Amino acid sequence: MDSASGSAGLGAYVQFGKWTFKNVTDQLRKVTDPEEVRKFQENCVIFNPTVEEQKDRFQAEFSDFAMDRSPVISDVKREVYAQTEAAIGQFLDGTISAEDLANTYQALSDRLMDACKDRGYPCPLWGGMMGPAFQETFYGEFRRMVLDEAVNRNNAEGRLYITGEMTAQRNWKYYNSDYYYRSEEAISALTEKFNTMAEERGWEDAASVPDYKAKGLNLYHNFNSALSNHFNVDDQFVINPDLAPPRDFRWFYQSGGNSGDRGFVTSLTVKHPDGTTTFIDYTKPGFDSTDPAKGATWAAYKDEGGTWRYRTADFTYDFSRDDLKNAAGLLKFSGQPGGAQEAVNRFLQNLQLYPGGYFSRFPQHGNLGMNLRA
């Protein structure tokens, strides 16, 4: 922290950079009497915060939410974040490199931090852990925005494969491994730049990349955890977020369902006077987007020769605990030697699918179908 001008006899005010503070040093009193010191110690709690506690204090001020609502810094913050979004979009479009993205991150970080200092946000006395707190927070938000845009593009691509009308009863998920590797490339470049900036500013021991997984910050960890975030009880399609997918891999799943305003008869059993029964199955073969008991999934990958390989599967739910299905049990590639096929089959074991509401604390029965006996 810069030192205030002057020392004793400062007058009524103290100048600190561009900021002027009232001089209250006359209110300080030196205590030398041992008994008075003892009483003071008994009645006061000495607060000596750790480095992490000091950073936590300021990271809340530098958060997206706090800065966006501050009349002091919100205009610059919004400009910087808009430029961040644009740069991330350019990177995912392939028009700038990961190195360009990292350089943009540093430039925008410096611009926003300088604006905070110049405007006295969150307080004029900049110093201590404020710089490291800002750097960690802005890095985290930049990283989150990379993952958010990768997930948004993945989902926009996946919606093109949905058949029929998407209702609240239905469930779907899409996975394109290209977005995993593009986001990992961006995160690697950003992290390297973060560490370089910390070293140049002497913050190696104060600023570090947080362990987002340990903190449960799924939107900040990686593409897998952001895509299937697990804090939404009905979004647990990726089992282990740290398992990397094969390159050139695609997976899609959808379930059927209607608007919920009508029942769905799946079968009819008629018992005759002579004791015999007749069973009539009303379900249709294959996938039906209006039938909540139906599901469909497919996977594709590019083999070593550059040829795309596909597997598809249609299945039926019975609305029991067995409705939780592993993708590898429905889709298994065979007949192609080499590591690509093995990698795909291994990663399919990391994907699961289920009808909407499966993991809910209070299962949503809805119109799950009826078996009528007459």
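## A pair within helix 6

Arg-144 and Glu-141 both lie in helix 6 (residues 130-159), where three residues, about one turn of the helix, separate them; helices here are DSSP runs of H or I with at least four residues, numbered from the N terminus. In this predicted model, local features need pLDDT of at least 70 and side-chain atom pairs count only at pLDDT 80 or more, while totals for chains, interfaces and linings use all residues. Residues are numbered from 1 along each chain as its sequence is written, and side-chain values use heavy atoms, with hydrogens and water left out.

The side chains of Arg-144 and Glu-141 form a salt bridge at 2.9 Å, N to O, the term meaning a side-chain nitrogen of Lys or Arg within 4 Å of a carboxyl oxygen of Asp or Glu. Arg-144 is buried at a relative accessible area of 18%, and Glu-141 is buried at 8%, where buried means under 20% relative accessible area, exposed over 50%, and partly exposed in between, with a 1.4 Å probe and protein chains only.

## A pair between helices 3 and 4

Arg-78 and Asp-68 also meet through their side chains in a salt bridge, at 2.8 Å from N to O. Because Arg-78 belongs to helix 4 (residues 74-93) and Asp-68 to helix 3 (residues 64-68), this pair ties together parts that are ten residues apart in sequence. Arg-78 is partly exposed, with 46% relative accessibility.

## The wider set

The structure holds 19 salt bridges, and a network of them links Asp-64, Asp-68, Arg-69, Lys-77, Arg-78, Glu-141 and Arg-144.

A further salt bridge joins Arg-309 to Asp-303, with their closest N and O atoms 2.9 Å apart. Arg-309 is partly exposed at 27% relative accessible area, whereas Asp-303 is buried at 9%.

Notes: Helices (H or I, at least four residues) and strands (E, at least two) are DSSP runs, numbered from the N terminus.
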